[in-house]
Amino acid sequence: MIKHDPTARALVIAMPEVFPWVRHLSPDELRAFTLELVEALSDAAELDVDATTHEVIAGWRATARIKADPAHYAEARKPTSGDFSPVQVSP
């Protein structure tokens, strides 16, 4: 519904009041975050699955955090090469 609802713009405009860190996201990223969050909240309400909501917020917050520091953002955008060894996954 948010994809086609003209009032979705109001939700996007209100997001910085709830999540101040969204100021570091581009307008397209802000719209994508808003859509993903609404979908995750819908799943939480309809399917009783709320882990996705946390993942959406944490993922976009991490994106905003790296973009907030121009030096780290520039470093993160550099190409990489080689094998960085296995990834450690904690339970």
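This is a short walk through one predicted protein model, from overall fold to single residues.

Let's start with the fold. The protein has four helices and zero strands. Read from the N terminus, the order of elements is α-α-α-α. Helix H1 covers 8-18. Helix H2 takes in residues 27-47. Helix H3 runs over residues 51-68, and helix H4 over 70-76.

Now the overall dimensions. How does the radius of gyration of the protein stand against that of a compact globule of 91 residues? The globule would come out near 12 Å, but the protein has 16 Å. The C-alpha trace spans about 45 × 30 × 20 Å along the principal axes. As for burial, 20% of the 91 residues are buried.

One of the residues to look at is Phe19. You will find Phe19 in the loop between helix H1 and H2. Is Phe19 buried or exposed? Its relative accessibility is 14%, so Phe19 counts as buried; the cut-off for that is under 20%. Phe19 and Arg61 are 42 residues apart along the chain, yet their C-alpha atoms are separated by 8.7 Å.

On to charges. Side chains of opposite charge can pair when their charged atoms come close. How many salt bridges does the count give? The count comes to three. I'll take them in turn.

First up, Arg31 and Asp28. Their side chains meet in a salt bridge at 2.3 Å, N to O. Both residues sit in helix H2, three residues apart, and that is about one turn of the helix. Arg31 has a relative accessible area of 43%, so Arg31 is partly exposed. Asp28 has 54%, so Asp28 is exposed.

Next, Lys67 and Glu29. This salt bridge is at 2.6 Å, N to O. What does the pair tie together? Lys67 lies in helix H3 and Glu29 in helix H2, so the pair links parts that are 38 residues apart in sequence.

Then Glu75 and Lys78. Their side chains form a salt bridge at 3.3 Å, N to O. Glu75 is partly exposed, because its relative accessible area is 49%. Lys78 is partly exposed too, because its relative accessibility is 48%.

Back to helix H2 for a surface feature. Which residues form the negative surface patch? They are Glu36, Glu39, Asp43 and Glu46. Take Glu36 from that group. Glu36 is found in helix H2, residues 27-47. At 34% relative accessibility, Glu36 counts as partly exposed. A residue needs over 30% to join a patch, so Glu36 passes that cut-off.

Last, a backbone point. Most residues other than glycine have a negative phi. Where is Ser85 found? It sits in the segment after helix H4. With a relative accessible area of 48%, Ser85 is partly exposed.

To recap. The predicted model has four helices and zero strands. The radius of gyration is 16 Å. The count gives three salt bridges, and the pair of Lys67 and Glu29 joins helix H3 and helix H2. Glu36, Glu39, Asp43 and Glu46 make up a negative surface patch.

Technical notes:
Residues are numbered from 1 along each chain as its sequence is written. This is a predicted model: local features need pLDDT of at least 70, side-chain atom pairs count only at pLDDT 80 or more; totals for chains, interfaces and linings use all residues. Side-chain values use heavy atoms; hydrogens and water are left out. Patches are made of residues with over 30% relative accessible area and no salt bridge: like charges are joined within 9 Å, nonpolar side chains (Val, Leu, Ile, Met, Phe, Trp, Tyr) within 5 Å. Accessible areas come from the Shrake-Rupley method with a 1.4 Å probe; for residues, only the protein chains shown count as cover. A salt bridge is a side-chain nitrogen of Lys or Arg within 4 Å of a carboxyl oxygen of Asp or Glu. Lys and Arg count as positive and Asp and Glu as negative; His and the chain ends are not counted. The place of a charge is taken as NZ of Lys, CZ of Arg, CG of Asp or CD of Glu. Helices (H or I, at least four residues) and strands (E, at least two) are DSSP runs, numbered from the N terminus. Buried means under 20% relative accessible area, exposed over 50%, partly exposed in between (1.4 Å probe, protein chains only). The radius of gyration is taken over C-alpha atoms; the globule rule is 2.2 Å times the number of residues to the power 0.38.
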